[in-house]
Amino acid sequence: MTENNKLFGILVPIVSVILGLIVGAIIMLFSGHNPIIAYTSLWNGAFGDAFTIGETVRRITPLILTGLAVAFAFKSGLFNIGAEGQVIVGWLAAVWVGLTIDAPMIIHLPLAVIMGAIAGAIWGFIPGLLKAKIGVHEVIVTIMLNYIALFSTNAVIRGVLTDQSTTTERISPTASLASEWLQSLTFFSRMHYGILIALFAAVVMWFLIERTTIGYELKAVGFNQHASKYAGMNVSKNIILSMVIAGGFAGLAGAMEGLGTYGTISVMSGFTNLGFDGIAVALLGANNPLGVIFAAVLFGVLKEGAGEMPTGAGVPTELVDIIIALIIFFVASSYLIRWLLLRFKKEGDK
Amino acid sequence: MDYVIEMLNIRKEFPGIVANDNITIQVEKGEIHALLGENGAGKSTLMNVLFGLYQPEKGEIRVKGEKVNITNPNVANDLGIGMVHQHFMLVEPFTVTQNIILGSEPKTKMGNINIKKAEKEIQELSDRYGLKVDPSAKISDISVGMQQRVEILKTLYRGADVLIFDEPTAVLTPQEISELIEIMRSLVKEGKSIILITHKLKEIMEVCDKCTVIRKGKGIGTVEVANTTTNELASLMVGREVNFKTEKKEAEPKDTVLDINNLYVKDARKVDLVKGLDLEVRAGEIVGIAGIDGNGQTELIEAITGLRKSTSGKITLRGKDITNKSPRKVTESGIGHIPQDRHKYGLVLDYPIGANIVLQTYYQKPYSKATILNYKEIYSKAKSLIEEYDVRTPSEYTLARALSGGNQQKAIIGREVDRSPDLLIAAQPTRGLDVGAIEFIHKKLIEERDKGKAVLLISFELDEILDVSDRIAVMFDGKVVADVKPEETNEQELGLLMAGSQVSKVGGTNDGE
């Protein structure tokens, strides 16, 4: 029974991805495009040369972190829609430290990264506290905080970091994650060291959740608050802690963008969508750190490769969004896939 | 022979299991027919087949000799089959009449509901079967026993000839049970037939004519109740000899372990439910708390274990004040707690059974060091407890959810007893369990007592209280109203005390030493 569940846990996302790609191909056929050419150009757009590979990795980096941010909160039964806002404040805090502080790299860079994480953590702490102490649903609070983050950050960029400008100066090189070595390897893509931080964060999440008493408590609270209270755990503390750590992961994603990819922060007309994509990543990755990495890789590849589809196959980039939506649809309707798999298995047994 | 209901060689499969395998039950007109089996034996499945909720894979159903195909509950209703559910399906703010006619309302010529006509009919039905129900009373104002009679009336009003009672006595006081038995007798006198689903052997002996036993989904057979004994029924049900009377030595109470003084506790609605309670439990004795559900037992346990704050009063454990301490402090100071609701409080169902074994001790050595869990220690501990307490599970890595109720309970008891607490609180430890598991749990409680531990047992089953306790504290309206010895009392007396009436014979209430 348990082994079966594990098998399904792996099979369902894989089947969903395949079904998403197949249905995407059918849509292309109906709209008069050749899916084989489209998928070939998608592949080339993501892996065609060293430059695109570098850009794909750069795109995967924050998706891993926001995926972890959603997955981690979910382990304690919390739905962190606020990764988006946590990314934005993390980005702002990291760039702020990068711009204003003067220190050698060994201090400056870690400080900027950590400040990004702390800012995200604070953005997670607020809904955690409200949920734990007065029972306000975290979904409502995190959605609101996304907007607060977006507009406050824009105000800070215009009024504090610049003089009514839309983009800050570049951060000092001592706070930059960019690497000349990685850039030279990848024909000057924007790939940076952040991917190492993201992978390390996934290991941290796995270790915390699976190997420590902290994770034991967080998961217990997620599964059954009554039993956790009975067992002597502090339910409020665990809810807050879960949101703080989740916010920290998302804040790191923002720091990756600020310190690695862009080196600046600009006034945003809308959300970055990194946080919202994190929800999809966590869902496809079954809230498991390793699964999150795979899902982030897939989404990063699809999104980066999509850029090549209009020129290579005349297919609009939006089609990739449709495919991603279809994959999520199939994961969400995993019941259907389970049923299908069981049917096939039964037939096979006979 | 005239059978009203015949279910012949019924087989019902679910993916992976056969819930009913070749079961036959034949009910005559005017008889009370018991359907006996352990939990999970397939009683409910069989009755759901009869009621049209499931379709059988094999076998046939005959009503009054004619083969029928019951595709849904409406068909069952039309055939005169009615079900009195264990959990009542009543709309609380509605009156008795409104509830009974719900779904088949009589109309006047104008198209309005003819409530007068309905009330009259219900009154007639009630008088005919001696139900004593007031058709215009609100459901929220009447007792649980009365609500059950409304359920009975509902089936009669819809013209049922065969009534299925699903564990009807589980929620009743002893007085209400004897009244229900009278009602069942008058129903069959009027030509109705009754199928009684139960695992209480005493009731079968008292009221039933025949008894069909099923075990692990298989039909074991039908016996005439007049020609059998409780022991025979029990061994048919379980498949082996069962020991009923719990063997135990005379208790040797020593020093006071738990001492509660003038305790007040409010429930979630801020109403006082424990009102100045005094209680004392000593080492080496089992104190049973008898009482009807809702008289403050739940709040009392929650206050002792730290799950709920008391408003005033004092609780001490071996002289140490534990009033309003956190659950962790209470656990660490030496209390084990087998919670009333094992799914809600006792287990994290989505954790492996092994991880549940360390639910209160995971942060201590050797299960973790500096917050790093030591799975090897955790699962080897789990493995030894699983063996010692005979928890039937494929492995210690199996999710707690996948275990049967009895095995979940054994795991909880293993965990709580293994910490060797000074005081073991067992709240409804055998609720919903079958004879074999009950026997095991009672044995464990007595073993703890014999080791010199104090045991506080809360149960709504008087049999259990009388059988296991060394001293009985009767709880009514938030207080201990009587303190009696099990060998000096009986169910009738306890029932009256639980309902709040004073019994002159009981003198030394609340002496408290």
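Trainee: Of the contacts in chain A with a separation of 6 or more, what share do residues 24 or more positions apart account for, and what makes two residues a contact?
Mentor: The share is 79%. A contact requires the C-beta atoms of the two residues, placed from the backbone, to lie within 7 Å. In chain B the corresponding share is 68%. This is a predicted model, in which local features need pLDDT of at least 70 and side-chain atom pairs count only at pLDDT 80 or more, while totals for chains, interfaces and linings use all residues. Residues are numbered from 1 along each chain as its sequence is written, and chains are lettered from A and ligands numbered from 1 in the order of writing.

Trainee: How many helices and strands does chain A have?
Mentor: There are 16 helices and 0 strands.

Trainee: What does the UniProt record mark as "transmembrane region" in chain A?
Mentor: The unreviewed entry lists several spans, among them 78-99 and 138-157. UniProt positions are given in the numbering used here, feature names are shortened, and annotations may be inferred rather than shown by experiment. In the model, residues 138-157 of chain A are 100% helix and 0% strand, with end C-alpha atoms 28 Å apart. Residues 78-99 of chain A are 77% helix and 0% strand, with end C-alpha atoms 35 Å apart.

Trainee: How many residues of chain A are in contact with chain B?
Mentor: 16 residues of chain A are in contact with 25 residues of chain B. On the chain A side, helices H9 (213-223) and H10 (225-230) each supply at least two residues. H9(A) gives the largest share, 5 residues.

Trainee: Why does chain B agree with a compact globule?
Mentor: For 513 residues a compact globule would have a radius of gyration near 24 Å, and chain B has 25 Å, so the two agree. Chain B holds 17 helices and 22 strands. An automatic or database assignment sets the domain bounds; chain B is divided into domain 1 (3-238), domain 2 (244-334 + 421-513) and domain 3 (343-420).

Trainee: Why is Lys453(B) counted as buried?
Mentor: Buried means 20 or more other C-beta atoms within 10 Å of the residue's own, exposed means 12 or fewer, and partly exposed lies in between, with C-beta atoms placed from the backbone. Lys453(B) has 23 such neighbours and therefore counts as buried. Lys453(B) sits in the loop between helix H15 (435-450) and strand S20 (454-459) of chain B. The C-alpha atom of Lys453(B) is 5.1 Å from that of Gly284(B), 169 residues apart along the chain.

Trainee: What makes a set of residues a nonpolar core, and how many residues does the largest one have?
Mentor: Such a core is a set of buried Ala, Val, Leu, Ile, Met, Phe, Trp, Tyr and Cys residues joined through C-beta atoms within 7 Å. The largest has 246 residues, and those with the most contacts inside it include Phe249(A) and Leu456(B). Helix H11 (residues 235-261) of chain A contributes the largest share, 14 residues. Leaving out residues up to four places away in sequence, Leu456(B) touches Leu258(B), Val281(B), Val287(B), Ile289(B), Leu423(B) and Ile425(B).

Trainee: How do you know that S16(B) and S19(B) pair, and in which sense?
Mentor: Pairing needs at least two DSSP bridges between the strands. Strands S16(B) and S19(B) (residues 423-427) have 4 bridges, in the parallel sense.

Trainee: Are the faces of S16(B) covered or open?
Mentor: Both are covered: Ile335(B) and His337(B) on one side, and Gly336(B) and Ile338(B) on the other, are all buried. In a regular strand the side chains alternate between the two faces of the sheet.

Trainee: What makes S12 and S15 of chain B edge strands?
Mentor: The open sheet has 4 strands in the order S12-S11-S14-S15 of chain B, with antiparallel pairing. S12 (272-282) and S15 (320-321) of chain B each pair on one side only. Within this sheet, 6 bridges join S11 (residues 256-266) to S14 (residues 310-317) of chain B.

Key
The radius of gyration is taken over C-alpha atoms; the globule rule is 2.2 Å times the number of residues to the power 0.38.
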